[in-house]
Every structure is written in C-alpha cells, then in structure tokens.
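I'd like to walk you through one structure today, so let me put it on the screen.

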Amino acid sequence: MTRTLAILLRNPLSALGVLLITLVVLAAVFADVIAPFPDHRGAVVDFANFNKAPGWPYLFGTDLVGRDLFSRILYAYRISLFLGVVVLAVAVPVGVTIGLAAGYLGGWTESILMRVTDVFLSIPPLVLAMSIMGLLEPTLFNGMLAVTAMWWPWYTRLVYNLARGEREEGYVLAAEVIGSSRLHIMFREILPNCVPAILTKMTLDLGFVILIASSLSFLGLGVQPPTPDLGSMVAEGAKYLPDSWWLTVFPGLAILVAVFGFNLLGDALREILGVDE
Amino acid sequence: MSSVTRLILKRLGISLIVLIGVSMLIFTIARIIPGDPARIALGPSASPEQVEVLREKLHLNEPLPLQYGYFLADLARGDLGVSLYTNRPVTADIAQFLPATLELVLLAGTMMILIGLPLGILSARYRNSWIDGTVRVISILGVSAPSFVWAVILMLLFAYFLPLFPVAGRISDSYAIPSVTGFLLVDTLAAGNIAAFANALSHLVLPAFALALSGIGQAARLTRANMVETYGRPYIEMARSYGFPERKIARRYAFRPSLIPSLTIIGLDFAAMLGNAFLVEAVFAWPGLSRYGVAVILRKDLNAIVGTVLVISAMFLIVNIIVDILIAIINPRIRLSQRST
Amino acid sequence: MKKPSIFLAAALLAATALSPLHPLEAAAESVLRLDEVAVGEMDPGKASDYADSILMFNVYDTLVLPIQGGPGYAPHLAESWEMDGTDFVFKLRSDVSFQSGNPLTAEDVVFSFERMNALGQGLSFLFEKVESAEAVDTHTVRFKLTETYSPFIASLVRLPIVDKKLVMENLGDGEGEMKDWGQAFLSSNSAGTGAYSVSAHNPQDETVMQKNADYFLGVPDAAPDTVRLRYGLEAATVRTLIAQGKHDISSQWLPPEVMKALAADGAQLFTETGGGGFYIKMNTAKAPLDDANCRLALAKAYDYATGLAMVSISDGVAQGSPSTGGVPVGMYGSNPVDRKLERDVDAARQYLADCKYDPSEFTLQVSWIGEVAIEERFALLMQANFAEIGIKSEIRKIPWALFTEQVTNPETTPHISQIFANAVTGDPDTLLYPMYHSSVRGTWQSPEYLDDEQVDAALDKGRKAATPEEREVAYSQLNDRLMQIAPTIYAYDRQSVFVASDRVKAPALQDPAKAFGLDGMGFSFRLMEMTGQ
Amino acid sequence: MSEPTLLIRDLHLSFRTYTGIIDVLHGISLHIAKGERVALVGESGSGKSVTARLIIGLLQMARGTRVDGLLQFEGRDLEKLSQSERHALRGTRMSMIFQDPTSSLNPVYTVGAQFHEVLRRSAPGIGKTQAMERATALLDEVLIPDPARVLASYPFQLSGGMNQRVMIAMALANEPSLLIADEPGTALDVTVQAQTLKLMRDVVTRHGTSVLFISHNLGVVREFADRVYVIYKGRLVEQARTDDLFDNPQHPYTQALMRAIPRITGGGIPDIEEASERFHEPLIVHESCGEPGGAR
C-alpha cells in the first residue's frame, strides 16, 4: 500500500491525480468548515447579492437567488461522491457475482446470465438511466437506482471474461480435484485474481459515475433543488450564457477536476497493477 | 456461404433476441410507473369518460403480458402509437428526427477515428516524450468531462466570444433544401448547393466535436496502450531487423494488429455517442432523435419513450455488428475460425 | 493515418470560411423569426397554449375579434350579430375564402363548433353552454345556449373556423361517421382563412408560415412574408441569436436577466397584458392547507416585493405589476391599484398560531413547472419565506405534462403549484371560473380543489349577470371571499414581456391604444411591420 | 586471410537511466570470417543478445544508449555509415532470426505477404507473382512440403517448427552475407529444434552465409558452430574452436557451463549454482583462433 503510494507519487501525472482526489474528498468531507456560506447549500435567498460575478467574498460568484457558488460546489461534491460510492457499493458486488457465476459455471447459467447482461448493455447507458429516472420520480434514491441499473453489467462483463480465462488455470483445476465447493472456488480462488482489474475499474468508475449522474441532472433528471448538484448547476447556468458565465463554467470545471483526478489515478493503478484495458 | 456472411447472420440473430429483451425491459418499465398514460395523453381538460375510452383502446385494462402482445403485434405492423408530445405517429417522428442524430453521431464518430487514432499512434511512437505526455493529458481530459460541459465550453468560446460557428440549429433559414435523405450534408450536395453544404457543415462542427471529445480521448488512450503493447511484440523487432521503414512498421506492424482490441472499445464508444447525443442536442438545439427523447421522457410520453429507446438500442446493436464485422476483416484469426465452425 | 485527418481539418476550415455567417436574405422576402418554449399545436380545435394561440390567430379566423385598445368585441368573419336571450344569430361575410379556395359558409362554422365539442380538448370547455349550432342559410348561423351566459361573445375569439370541405376530404382512420374528425390531417396541415398559411411544421424545430395574398382583409406589404416560429430554443441561444441579428422576437419565458442583458444592448421590449396573473396555488383538499388559517399564514409570509423585483427588467418594464387581490387590476371586481398586497410576517405568525396543524409536523411540497425556469426561483423564495415562520418545505420540479396529470387527483396534487394564467377570452369568467368553481376542480387551473359555496355563487352570478354593473358586484363579492379564504397567493398581475430586435414593429404589443387585451392576439403577424435591416 | 564478414573491436555499451549509467558490455572483440559459423554463448543477461542487436543496429535507436568501439561489416565501419546506408544493410546484407518463430511473424498478414515485403527490400519493384515464385523456391529449400499452402496461411495456422523454417527462408531470401540467429528455436520442443538447426546448418553452408549464433545452450552450439565465444557479464571469457572448447574448457566459467549441460538439454536456462569470483578471470584464447591483428 505504502509502496503503491510511493510509486504513484513518483510519476507527475499520477501524483496530480492523487492531489486532485485528495482535494475533492477533503472539500466534500470538510465542506462545513471550508465553505464561506455553509447555509447556502439549502434554500437561502439573498436577492441583494444575486448574480454577482466572481470576487470577494463570493469566490466563484453567486447564483440567481444570491447563493455563493463556491460553497454550493463544495456541497455538491459531497453528494456526487456519496452517490458514486453507493452506486459502486451496490453495482460491483452484483455485477461481480453474476460475472463469476457465468464465467465459472458455464453452460446454461452462462448463456442466460450473459444474454440478460447483453440486454442491459444494448441500451446506451445514459438512455437506460434516463428512462428509469424519467419514468420514476427524480430523487437522489432513484438516481442511484438508475445509475446502478446501468452500471452492474460492465462488472459482469469484466469479471466474466477474466473468470472464463481462469476457469482453465491449474490452480482452479487443483481446487476442483481436492473437492472444493463451487462457491469456494468462485470467491476464494478466482475472485482474488480479478481484484486488480476490479479495483482499477472502480477507481475509474468513481469518476464516471459522477459524470453520468451530472449528465442526468443536466437533463433535469437528477437531484432536486435546493440540494446542490453540479449537473443541474451547469444546466441552470447555461440559460444565462454568455453574460453570467461563472454559473456554468465553475460547476463544469468542478466535474472536470474530479473526474480527471479519478482518471489519472485509475490509469496509474492500471499500470502499477498490470491490468489490461 | 462466405465466412463474413455467416458471421453477420449469426450476429443479427443474437441481436434480434437482445432487441426483444430490450423491448420487454423498456415496455415493463413504461407500464409499471405511477401515472395513467391515458390521462397524460388526453391532456388537462379531458373527462373521466374520455380517459376510460382511451384506456380501453390502448388495452391498458388488460394484464401486462397481453399488453405486451398487443404492443408486439403493433410493432410488427410498424405502429408504435401516437406521441402526445407531437400528436403524430411515433414512427413518423422517429423517421423525421433520426437522420439529424445519425448525421451528428456519424460526424462525431468520424472525428473520433480521424483525430483519436492518429493521436494515439503519435503518442505510442514517441512514448515517454513530451508529445506522449501532452496527448495523454489531452485524452484523459477529453474523457473527464461530460459532453454537455464540452458543448457549453465550446459554445462559449467559439460561438459567443469568438463567433466563428452558429449557436444552434442544423442550417440557416435562408437555405431551402428539399429533404431527400434527411441527412443535410447529403441533401445539400444532392441539390448541388455548395454554400448550403458549407453552412450545414459549419452548424455540425461544434456539436459533433463536443460529442466526439470523450471518444477522441478514449480512442487515443486505447490506441496508445495497445500500440505500446504491440511495439513490445517480437514481430516488431523482426520487422525492424529487416529494415522496414518506421512509418511502415507503425502502420502495418504496430497499428493494424493493435487496432483489433481498440476497435471493440471504439465501437462501444461510438454507440455511447448515441446516448451522449442527448446532452449535446439539448445544448445546440439540434432537432434530433435524442432531443426528442429528452422531451418525451420529461413528458412521460410512453409510446414515444418506448419507440425512441428501441430505435436507439437497435442503432447501438447495428454499430456493434458493424464493429464485429470490421474486426473479422482485420483479424484473420476470427475470420478463419468462422469458416471452420 | 495522419494525412486524412489533416485533410479533414483543412476541409472543415475551408467549409467554415466558405459559410457565410450572415446569409444574404433575398431582398424581396422579409422574414420574421420568433420562438416559443412549447411546441405549437396546429390543430385549432386543441389550441390552448401560447404557441398554439399564435398559430391559431394567424392561420384561422374567428367570428369576432377583441376591439383594439378598448373593451368589447368587433365583427370579423361575422358581419353582424343579434342576440335574443340564449339565441345568437350571426351573419357571415360573403367575401371570405379559405386558403384552399373554398368559400366560407355557415356549414364551416357549425362544423368547427361540433368538431371542437366532439374532441373535447383545448378550450372546448368555453362552449359547454352551447346547446347547438345550425346553419340557417349559406351565410347565417345560429347558436342556441342552454342558459344565459354573458361571456359567450367573448368566447367566440376561441372558436377558429375550419374548412369543412377540406377536412372531410382528408379524414383519417377512426370510428363513426366523422372518423378522426380530421385530427391526423390538421395536426400538420392548415385549413383556415387566416392571413398566414403553414408551409412546414417540424414539431422539434419550427413552424414556417407564409403570407396569404388572398386574405379577405388584405395583408399590408410591410407585414412579414415568411414567419418562422421556432420551438424549444435555450435562453442563451435566443440571447445570442438576437444579439447577432438572427432572431426577432423572444418568447415571454426568457429569464429576466437575459432580457435585461439584451435590453442593455439596445433591444426593444414588447409587452402584452392578457388579464391574468402569476398564481401560487394551494391544495385546499390536503392537510395542512385544508385549514384556511394555514393558507392565510403562507399568503402573509410570502414576500411580494422581492417576487416582483425578480421579474423587473428595466425601469418601467416588468413582467408583472403589484397584485391587489383575487381579480387582476382592470377587470370587473378588482380592487384599486393602491391596495397592494404586502408581506406581513407578524400577521402570518398569528394565522399560523390559529391553524389547527403544528408546523413542525408537516413538510410542504412546493412544485415548479420544469419548463419555466423562473419558477424555481419563486420556489426558493417561498421556501425561504415559509422557513421564517417555521414551516418546512421541499421543492419539486414537475414537467408540465406530468403536472396536468397529477392535478387530476387531490392526493397527487402538490401542496403548492405555480401557475401563470390569464383570461383566455379576455373575460374574467374565463379566468376565474375554471380556477375556483367547485364543478371544475382538479385541472391545471384549479389545483386548489376549492369547494366553497360563496365562491360558486359569485361565479355563477358573474356568468349570468346581464349588465356590467351586476357583473362588477358579483366579481367584487368573489374577490372579497377569495381574500378571506386564501386558496391562492396572488403573487402579481402579469404582463408578458418579449425582447425584440429593431427589425420589427408590432403596434399591438407596443401601443396600449392598439392592444387587444387577449394573450397571443398581439402576435397577429399581419399587423406587424418589418423595418428592414 | 580475406576481410572478415564481421569484425568487432573493444565494443562498449552502456545505458543511461534515471538511476544512473549501467554498463552492459565492457569491451568485447570478436570476428566472423566469410562462411564461418560462430557462436556466442552465455547465460541470460550476459550481453549476448544486445551484441546481436548492436550489430543489426536496433539498439542504437533506443534513447540513452551509448556505444563505443569498432563495428565493422564487410570492411565498412558501421558507426561511420549514415543512417540510411546502415538501414540499407538490414534485411539485405544482414538479417536476423528470432527466438519465438510464431510471435515473430505478423499475425494479421499471410506468410506470402510478409515474404513479399522482405523481398522488396532488395528488389523494391518486385511483383506479387515473382515474389511468390521466389518464396516458393526458398520454402522448397527449407524442405517445406506444400509451399503454396504455407504462403497463403497466417502464422497462427502453422506449427512452430514450420514458422521457424519460414523465418529461416525469409532471413536468407535476400542472400545476406551475415545471419544473426538469436536463440533460434528455444521456444520449440527439442526434436523439432534439432531438426531445424540441422536444416539451417545445411542451408547456410550451401549459401556460404556467415552466422552469428547466439545461445545459452552449449549442447546446441556443439552441433552447429565452428567456433565459440563464451561471454560472462559483458566480458568475453573464452574463445576456441568448438572441438577444442568441448575437449578442453579452460576458463572456470566455461567449465561451470559445461557441468550444467546435462540439465539444459531440455532447452532450459543454464543453472549455474554459485557465481564464483573466478568467473571474472580474464579471457582465455585457444590456439589458432586469435582475433585478426592480435587484438584481445
């Protein structure tokens, strides 16, 4: 772990990734302390200071009801990260289990599971999430549900391909010969060999979940106001371009910074752990 | 039967099964949601009697599997119902809006390939140099922002502050181009109107580029990774030992074999653009199927949602089939294995 | 691999360089470009929205028109009319032809009414009191009402006359003698007598209209030859297009900040007063708002002044003026201009104390219509205002189509809905009756679910009263009752504001003496003048 | 004595890395006479493969490489040649065979197409028909049964032994004067390897091609080479005619290698148990095979 970190910090790009992620996570965790206007995350209106350009004390300017954009972005990170973690916490175990089962057990199990997975993979990811979000109520919970629904098949596919390869490996055959249970072989023998690939994908995906979630809220299918959300901030601000550019540019950059960080980190991990694309 | 034909038929068969699965999935989601489709369809001032009549007509009082049966029967006749958003048959809407989206996605896909692949090749050939570093940062940046952020940024820079490109639409009002294919680039050329073609192209540039950016990044990244791996292969060294020119080695020895793994992912990216088009069309007021999709999703226009998702999924599958065929053409191993089975 | 990409880049550059950013307009052809948020409904029998109205008023004609700059109605397709209690007999002009060339006859009027009635959509409810319509002769038509209904003449501005012959030739699939009543045909074709005909209709993009040279009143040369009504443009897009001289009139839904920015760049501001307001409607069928004291508390807690400040555009021009009560200023029964509604937090607390519900035990759902950006800000304003007296609330964005579905059930209707409404015919009855009469609860206009005998009585009286004086009394009583039971927060009296380029003049939207006092009518393109570049 | 095909004098090689300079070759000198088959033997990492790649000129392309000393090919100083002159020699006057035949052939082109490219190195304008004729003849020579089928095949459709023969034929296609064989056939099984080597020996003898044979396997070397250089950690330690070396190994390292023979018949990596200080003793040159001009 320490060694991995040391390697990460040696390369300037991955060090940048570590730095950005640290900043984003700190911003989210300590938003209450850092934010100059913590109450602006909610339903506060201050029409005396609305639509102010970046300056002091409003670093990134204010929105159309006078809330500090900088504070709101910090809180939006909190929601984004929370959403990312929850989505992966649900999608990864589901996807991995199905992938392991399909890849290791083979036969009919494999055919049925992988066809179902194919169905999910055949709807462009955003479209699937949009349909679910559009048809249900746009709430944070449904948002997580929708993104999770589109996410697990990718883990199924990843683990399926790995497990299918491992199925023929000596250590699996050996375990079968000594009569280990299928569950034991799947989770104790094959799974550990897939961990580096899963871990790398998860790092990259944390970024992409944030990206997709922001896309959903950009289309008006995400978290509802007054909860701060990067995607809806961009969508809302885009109406006031080019005059009030800060309303769009800062939340947009905030998405970019977080996703960029996770990508740099994921890329570096991929190289260190020797995972194929 | 040639091996490629066999492959196409096999993939078409699988795709059909998958498409039926997609239709079941989306149909079920559309039917189990809260809200009465008949009430939504009839609008604010309809009477309960009118709603009941429509419910009967739409078979909404039947059990779900039976409803699905009716849906399939209608679908077989090319009838997807009427959209309440436009008050027109969904098939007519799709026929009208699909070309605009395809035109956008095809140009974006072309950009992805024509910009992404060369960047990746460049990066791999000069790996660990500053060129490589720059390309890597650019490509990671490309995938790190959703296309709507790129759309907004590009629009801000190149349509507002530096008004080089138009901000919205497919073509300026002053051109009256008869619609033949629905693809403006084709129609303008067919009409022999070069100025209109240029105008339509200038409308396409920003949205297509915004849509392509993440694909470009992804393509460059993958091409680089796969080429770096290929460059480590013995046959590259062998080719060098024969003194083949580096350009030829890059093209025939490093690029083409490394294209095989890249192509699968590029195909997925290309297909993902169909989804991301939702974001870009919204920003650039692009009258395409994706913008229609957003509008109908926001309005709970069930027929239109089901129709749009089905068509986009079908496109997605078609793209994947095309990619599979391309891979088979490039990779003799797959082509030949098809022959033997 | 490198060569083609360089080639492509070069081709793109070349293409861009070739493409004229300001394509030369053919000098003879004048084009008016405007936009609306929602897609215009082309079927005149279903028209209800602003965009629908614009299409309807230009493609179709009605028997009467509001008098410009004054009260009352003037003959239009009808030369004259006579009324006798519940009987109305109209004499039609004999010189009118449809765009198809078919002459206008009494049959067309009867058909148009029956069609609207049969479809039961749009504003058909305006004609519920009509028992029958019959063609007395080629140019005479008689309407029989079931009871006295004084706003009937006013309602006729919402009865577009359709070309029966053309529609009958184009009936689509359907059951019964009239099959689909030509719905399929009329959803993308025009069949009117109007000054403009539709030449192209793309529901996602625009509707294109051309001047009708044979219009029975003639169309002045200065009026635009072609009109492009664009749909669903982003505010930022409209802002840029107008600034670049590629767009002429914005929709009224452009956010005030954007209007401000454009006005500062020298754009014109058009206004239209349609007799209506911005209403914050409370669901009186759902706890805690079934208690009038709770509603009164909210009505007192709401910050009227800030709300108005949000919609002010420049000195003297705002999207609203202070509200004085339940009836917009200028209509029968309205309160004087100086009795502005104002915020009173102490009074609000007092009312809340009298309310039978404890504010700590409920959370209000404050909804806003997704298509109308400004409503989000009002939602936030309310949330902040209500929080001050200790009421929690959550904000919910609801797309229009979903909203109209949700309000059909009091349980799914949000506590608070925000509605822009106006008298669709200019008569107070068409504004207030659909909002408050207990017989029509649960539409987008009546999410209050109000069921109040006094209100019903006053509304019925206003409808039947024959003289203006009697109507004044009836609506005045209604106004007082509404202020007592507060089903609605009357945020402001509305005025629609549009940003326009300097290429266009629209007297009906610029000069109060020429205004119609009816939403959408100001967009009669034949009355507009294109002033060149 | 005529000009040797290859003459190396005091060749030094070092790599510059982030952590400093790594010396790989500490001044080696060797030569190959016309038509002579010379082996360079050592364990992996001893510097034998880099020597091969220096001769063919592949290593010079890598960044951070420093080369010193004389590399002379057919009387011409390679380091003094221009890039393009040097480039022109590759694949025409000198060619190379690699360890794993199957992965050294391009997987996405047929054998025939690859032959065509190789033949174009010496005859740029050669047409397809002509190239296939020539390739068929070459494949005949390496005793490939159905040359037409092989030419139409992709490498993954052929056996390893077959691919090895294809590579040999390809390497000799342009009649090079020097063939560098880097551990040829190590990836193949022992019988096939032996057959291929015998075949290679016959063919190069017929063509009079000089061969630098790089191997860690003394057993294989004995069958193939006229003369042997033993290399240890970037230094030559012993040089002798093949028979002399096997009859009378003198350097402690060579002796250790010899003892390892029985264990390496399977083609495995020689497993020399303990590195001895004595392995660093200076070069021993057997009689009658000194370097031209007496260099050490």
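Let's start with one pairing in chain D: in strand 9, the bridge partner of Leu40(D) is Tyr229(D). Before I go on, bear in mind that this is a predicted model.

So where does that pairing belong? Strand 3, residues 37-41, and strand 9, residues 227-232, of chain D run parallel to each other and pair over four bridges. Zoom out and you get the whole sheet in chain D: seven strands, open, in the order 6-7-8-3-9-10-11, with mixed pairing. Which strands stand at the edges? In chain D they are strand 6 (94-97) and strand 11 (284-285); each has a single partner strand, so one side of each has no neighbour in the sheet.

Now the helices that go with that sheet. Helix 1 of chain D, residues 48-56, packs on the sheet and touches strands 3, 6, 7, 8 and 9 of chain D. Its direction makes about 150° with that of strand 7 of chain D, which is 178-182. Then there's helix 6 of chain D, residues 160-172, lying across strand 6 and strand 7 of that chain. Relative to strand 6 of chain D, helix 6 runs at about 170°.

Okay, on to how the chains meet. Four pairs of chains touch, and the pair with the most contacts is A and B. There, 38 residues of chain A are in contact with 44 residues of chain B. On the chain A side, helices 5, 6, 9, 10 and 11 each supply at least two residues. Which helix of chain A gives the most? That's helix 11, with nine residues.

Chains C and D have no contact either, with their closest C-alpha atoms 18 Å apart.

Last stop, chain C. Its secondary structure comes to 17 helices and 22 strands. The radius of gyration is 25 Å, close to the 24 Å from the globule rule for 533 residues, so chain C is as compact as a globular protein of that length. Along its principal axes, the C-alpha trace of chain C spans about 75 × 70 × 45 Å. Of the 533 residues in chain C, 57% count as buried. And if you take the contacts in chain C with a separation of 6 or more, 70% come from residues 24 or more positions apart.

How far can we trust chain C? Its mean pLDDT is 89, and 94% of its residues reach 70 or more. The stretch to be careful with is residues 1-27 of chain C, where the pLDDT is below 50. That stretch does have 27 contacts in the model beyond near neighbours in sequence.

Let me finish with one residue, Ala500(C), which sits in strand 20 of chain C, residues 496-500. Buried or exposed? Ala500(C) has 23 C-beta neighbours inside 10 Å, so it counts as buried. Leaving out residues up to four places away in sequence, Ala500(C) touches Asp248(C), Ile249(C), Ala267(C), Gln268(C) and Phe270(C).

That's my tour, happy to take questions.

Technical notes
Residues are numbered from 1 along each chain as its sequence is written. Chains are lettered from A and ligands numbered from 1 in the order in which they are written. This is a predicted model: local features need pLDDT of at least 70, side-chain atom pairs count only at pLDDT 80 or more; totals for chains, interfaces and linings use all residues. Two strands pair if DSSP finds at least two bridges between them. Two residues are in contact if their C-beta atoms, placed from the backbone, lie within 7 Å. Axes are lines fitted to C-alpha atoms, for helices over the stretch in contact, and angles run from 0 to 180 degrees between N-to-C directions. pLDDT is the predictor's confidence in each residue, from 0 to 100. A residue is buried if 20 or more other C-beta atoms lie within 10 Å of its own, exposed if 12 or fewer, and partly exposed in between; C-beta atoms are placed from the backbone. The radius of gyration is taken over C-alpha atoms; the globule rule is 2.2 Å times the number of residues to the power 0.38.
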